[in-house]
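Have the viewer open as you read.

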Amino acid sequence: MVLVVTAMPQEMEHFPKEIPHGIVTEVIGIGKVVAARNITLAIERHKPDFVINFGSAGALSPELDFGEIVLSKDFVDLDFDLSVFGDPIGQNPAGKMTGDEKMLCLAKTEADVLGIKNIAGRIGTTDNFNNDPAEKLALHQKFAADCDEMEGAAIALCCALSKIPFLGIRAISDKPKDKDKLEFWDNLDFAAKNAAAVAAALARKLI
């Protein structure tokens with residue numbers, strides 16, 4: 001069983017409506033707390049062998065362009081800091097927030113076949129939608145994250161605690177140059193379509 005989740009209905013609507021037996025989809029909501037609660041309930045309900053989270057993200061790396069995919073090599077929680085105790089900044093000692101290596105390799109192959117530019121990178125998770133170019137650059141430099149979104153690290157940690165292989169697939173919907181101009185809605189469909197295509201191809205390989 002492969003569980004495929006998104007934060008928003010606007011992202012899930014780009015996932016194929018007719019899916020093979022063995023793939024289930026859920027919209028689990030926006031933000032770390034909501035995502036953690038709902039992915040835990042979904043895992044209990046469906047008992048999946050794999051979990052895929054796809055959706056949109058904001059670019060932190062200046063090298064990324066609209067619609068390009070970041071496959072989760074690992075996650076960092078941009079709001080979490082226990083470095084005063086010697087722990088790595090952005091990492092929760094409860095579990096490793098990493099993408100599954102096998103799933104990442106399969107996803108990269110499928111993205112290449114689809115002709116969608118992609119990288120294996122670090123995804124940052126925060127409860128704040130950040131539209132300030134200066135702040136985004138600072139986060140990129142501090143955490144070495146390629147993009148930011150609002151659920152992935154929480155989902156990754158829940159999957160790690162449940163010992164379920166997980167991968168995040170995020171496509172770039174915004175890379176602000178002006179904090180007063182919001183690009184997200186203009187590019188959401190394009191980003192979600194690309195991320196959904198890769199997620200669907202990966203899910204079919206896993207069943």
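## The chain as a whole

A compact globule of 207 residues would have a radius of gyration near 17 Å, and the chain, at 16 Å, agrees with that (taken over C-alpha atoms; the rule is 2.2 Å times the number of residues to the power 0.38). Its C-alpha trace spans about 45 × 40 × 25 Å along the principal axes. Keep in mind that this is a predicted model, where local features need pLDDT of at least 70, side-chain atom pairs count only at pLDDT 80 or more, and totals for chains, interfaces and linings use all residues. Numbering starts from 1 along each chain as its sequence is written, and side-chain values use heavy atoms, with hydrogens and water left out.

The chain holds 6 helices and 7 strands (DSSP runs numbered from the N terminus: helices are H or I, at least four residues; strands are E, at least two). From the N terminus, the order is β-α-β-α-β-β-α-β-α-β-α-β-α. Of the 207 residues, 55% are buried (under 20% relative accessible area; exposed is over 50%, partly exposed in between, with a 1.4 Å probe and protein chains only).

Helix α3 covers residues 101-114 and reaches 20 Å from first to last C-alpha, close to the 20 Å expected at 1.5 Å a residue (1.5 Å times one less than the number of residues). Met103, Leu104, Ala107, Glu110 and Ala111 are its buried residues. Seen down the axis of α3, they fall within an arc of 130°, so they line one face of the helix (the arc is that of the directions from the axis to the C-beta atoms). They pack against β3, β4, β5, β7 and α6 (contact means heavy atoms within 4.5 Å).

On the other side of α3, Glu101, Lys102 and Val113 are exposed. Asp100 caps the N-terminal end, with a side-chain oxygen 3.3 Å from the backbone nitrogen of Lys102. Just after the helix, Gly115 takes a positive phi of about 75°.

Asn194 sits in α6 and is buried, at 13% relative accessible area. Ile116 is 78 residues away along the chain, yet the two C-alpha atoms are separated by 7.1 Å. Asn194 also touches Gly67, Ile69 and Ala171.

Asp148, in strand β6, is buried too, at 6% relative accessibility. Its side chain makes a 2.9 Å polar contact with that of Lys136.

Definitions and conventions:
A polar contact is a pair of N or O atoms within 3.5 Å; within protein, one must be able to donate a hydrogen and the other to accept it, and residues adjacent in sequence count only if both atoms are side-chain atoms. Lists of a residue's contacts leave out its neighbours within four places in sequence.
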